[in-house]
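Subject: Structure for you to look at

Hi,

Here is the structure I promised to pass on. Please open it and keep it beside this email as you read.

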Amino acid sequence: MTATTTAPEATTHRTAQPAALPRRRSRLPFSPWHALLAPLALLFAVPLIWLLLSSVMSNAEINRFPPALWPSGIDLGGYRYVLGNAMFPRWLLNSAIVSAVAVTSNLVFGALGGYAFARMRFRGSRTLLVLMLATMAVPFQLTMIPTFLVMKKLGLIDTLGALIVPSLVTPFAVFLLRQFFLSLPRELEEAAWIDGCSRLRVLCSIVLPLARPALATVAVLTFLTTWNDLTWPLIAINHDTQYTLQLGLTTFQGQHHTRWSAVMAGNVLTVLPVLLAFLFAQKAFIRSVTSSGLKG
């Protein structure tokens, strides 16, 4: 008689793992970072708020000591005085023309130059790129006199052409677009080349639509630089009919120094296009900055 033995069942002792504690959700309806950034944003906005409030004050309130922090009433005399000035609309038009041409030319030439440096290899391309970037380290004060002499030889002094030609293309526009083009996959362009597309058509039909954030960034930064420029118009322009808004506003402030409400109103009208341009393009600006630095 054979005895059958059954193996005892193996028992495993498992140590009980403590259950993960649920993450404590913040009771704040916003990110905790906003509690720090909101006061800083308000601090940086104080000059703009003061400018806006001063533009609707009377001259007596602005000149009062201690100065009034809040207008007793809305006085639009400064705006009427500025808009009633016959030269102010002309200065606004001049600034708009110079800024529009500078933005358009930087987008066109910057895209062509940036794409050439990003995708085309030719003799001396690296050296040319380094030399172009080196010009960004040269201060404007060193190139001011040579630029003036060149504009004088071309017969553009005291015309809007003297403000447009030096701003047709900037090294920063070429460099930023080059960095963005490097982050795009080559496979898209190679597929278009197989289909028979030329480089120019690939650039216009495939690359540029994908580079909208970078193009928006170049447009905004070029607009800000050109619109706010004062030094070069002060040198190149002599007649008041060719003044830009910044130069005309400075002269207006010197001639009418007692009408501070008009000066403040003119500054509000000058800052408003810049503020709107940045607000409309801030998302594209952030996307471009985060993506254009992926590749060197």
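Arg119 is buried, with a relative accessible area of 7%. Buried means under 20% relative accessible area, exposed means over 50%, and partly exposed is in between (1.4 Å probe, protein chains only).

Before going on, please note that this is a predicted model: local features need pLDDT of at least 70, side-chain atom pairs count only at pLDDT 80 or more, and totals for chains, interfaces and linings use all residues. Residues are numbered from 1 along each chain as its sequence is written, and side-chain values use heavy atoms, with hydrogens and water left out.

Arg119 sits in helix H4. Helices (H or I, at least four residues) are DSSP runs, numbered from the N terminus. What does the side chain of Arg119 reach at 3.0 Å? It is the backbone oxygen of Phe181. The Arg119 side chain also makes a polar contact with the side chain of Glu189, at 2.9 Å. A polar contact is a pair of N or O atoms within 3.5 Å; within protein, one must be able to donate a hydrogen and the other to accept it, and residues adjacent in sequence count only if both atoms are side-chain atoms.

**Aromatic pairs**

Searching the whole structure gives five aromatic pairs. Here, rings of Phe, Tyr and Trp (its six-membered ring) pair if their centres lie within 6.5 Å; planes under 30 degrees apart count as stacked, over 60 as edge-to-face and the rest as tilted.

Take Tyr115 and Phe181. Their ring centres are 6.0 Å apart and their planes are at 75°, so this pair is edge-to-face. Tyr115 is in helix H4 (residues 88–119) and Phe181 in helix H8 (residues 171–182), so the pair ties together parts 66 residues apart in sequence. Both Tyr115 and Phe181 are buried.

Phe140 and Trp232 also pair edge-to-face, with 6.1 Å centre to centre and 85° between the planes. Phe140 belongs to helix H6 (residues 140–153) and Trp232 to helix H12 (residues 231–236), so parts 92 residues apart in sequence are tied together. Trp232 is buried, at 5%.

**Helix H8**

H8 is mostly covered, with nine of its 12 residues buried. Among them are Ala173, Arg178 and Phe181.

**The largest pocket**

The largest pocket holds about 830 Å³ of space. On a 1 Å grid over the protein atoms alone, a pocket is an open set of points with protein on both sides within 12 Å along at least five of seven lines; lining residues have an atom within 4 Å of a point. Grid points are joined across faces, edges and corners, and a volume is the space filled by probe spheres set on the points.

The pocket is lined by 30 residues, and Phe140, Pro166, Ser167, Thr170 and Thr225 lie nearest its centre. Which helix gives the largest share of this lining? Helix H11 does, with six residues. H4, H6, H8, H11 (212–227), H12 and helix H13 (245–255) each supply at least two.

Best wishes

How values were computed:
On a 1 Å grid over the protein atoms alone, a cavity is a set of points where a 1.4 Å probe fits but cannot get out, and a pocket is an open set with protein on both sides within 12 Å along at least five of seven lines; lining residues have an atom within 4 Å of a point.
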